[in-house]
Amino acid sequence: MIQRLKQWLTGYTAADQTPVDRDRMEALKKGPLPKHVAIIMDGNGRWAKKRGMPRIAGHRQGMITVRHITRAADDLGIQALTLYSFSTENWKRPKDEVNYLMGLPAEFLRTDLDELVERNIQVRMLGEEEQLPSHTLDAISKFKEATKENTGMVLSFALNYGARREITEAVRRIIDEVKSGKLDKEQIDEELISRHLYTAELPDPDLMIRTSGEIRISNFMLWQLAYSELYFTDVQWPDFSQEMFFEAIEDFQRRSRRYGAV
Ligand code: IPE
Ligand code: IPE
Ligand code: MG
């Protein structure tokens, strides 16, 4: 009874505690692992619609998938996991849906902070903070503050993120630095541009996964994905399982990365 109550209060259900497939994971660890995996979590709305539920039910279920995939990535030893959670274009959605999405960081803080801390995971946000409601920013800063000393996997939520916006902001800042004499025009190179992006301290993603069958980038990490391996699956994000995540990594391990060489 107490257990049930605790599960209800924390948003966990028994089905939620799927153990990772240890054998499969150990086999994966023998191959080259991507350092950074970035995911476009898509298909929440369609998942809900198919079940006759409102779109927000899909987002709620999608949050549970976030928990599962975070666990799988961490157990596997991935160094950085980036999740596209809200794009600069997603403001075009109905107000109720946007409000619900903006409430999810606080919800996730309540249900998952303890486990993330226990796992030594560091939580970050990639995107423009201004424009976000204060309760969303508050949850994000609590996440950052509580996990800032953590040295394990870096879990980044791309929130109010747009790659074109990111590049535009970087250009503006670089120009300011040149104007103020802090930087010489000749010093502008690829490395310097990378350092002015939200992802400054992260390696470029080795693997980018998109769920829901859409074969597009939707303004995600346009600079950083230059040489990433891309993996698309028809599965909607709420149905994306740890097994499917491992399948994507297995697929990555079969690829031959040439970076323009032979
Ligand atoms: C992805 O699912 C989540 C966000 C964009 C926030 P969608 O909400 O885009 O779901 P579909 O693509 O409409 O099914
Ligand atoms: C991309 O999904 C954004 C996120 C997953 C947060 P969208 O559903 O917004 O992308 P489009 O509209 O299908 O390109
Ligand atoms: Mg979508």
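Analyst: **Helix H5 and the packing**

H5 is followed by Asn-120, which has a positive phi, near 65°. Helices here (H or I, at least four residues) and strands (E, at least two) are DSSP runs numbered from the N terminus.

Bear in mind that this is a predicted model, with local features needing pLDDT of at least 70 and side-chain atom pairs counting only at pLDDT 80 or more, while totals for chains, interfaces and linings use all residues. Residues are numbered from 1 along each chain as its sequence is written, chains are lettered from A and ligands numbered from 1 in the order written, and side-chain values use heavy atoms, leaving out hydrogens and water.

Back to H5. Its 24 residues should span 34 Å at 1.5 Å a residue, and the end C-alpha atoms sit 35 Å apart, which agrees (the expected span is 1.5 Å times one less than the number of residues). There's also a kink of about 60° centred on Asp-112, the bend being the angle between axes fitted to the seven residues ending there and the seven starting there.

Now the packing. The largest nonpolar core has 44 residues, and Val-37, Ile-39, Ile-209 and Phe-245 have the most contacts inside it. H5 (residues 95-118) gives this core its largest share, 8 residues. A second, separate core has 11 residues, including Tyr-84 and Phe-220. A core here is a set of buried Ala, Val, Leu, Ile, Met, Phe, Trp, Tyr and Cys residues joined through side-chain atoms within 4.5 Å; buried is under 20% relative accessible area, exposed over 50%, partly exposed in between (1.4 Å probe, protein chains only).

Phe-245 is worth a click: beyond neighbours within four places in sequence, its contacts (heavy atoms within 4.5 Å) include Val-37, Ile-39, Leu-76 and Ile-209.

For aromatics, a search of the whole structure turns up 10 pairs. Phe-86 and Trp-91 have ring centres 4.9 Å apart and planes at 75°, so they're edge-to-face. Rings pair if their centres (six-membered ring for Trp) lie within 6.5 Å; planes under 30 degrees apart are stacked, over 60 edge-to-face, the rest tilted. Phe-86 is buried at 1% relative accessible area, whereas Trp-91 is partly exposed at 28%.

Over residues 10-15 it's below 50.

Note on methods: pLDDT = per-residue confidence, 0-100.
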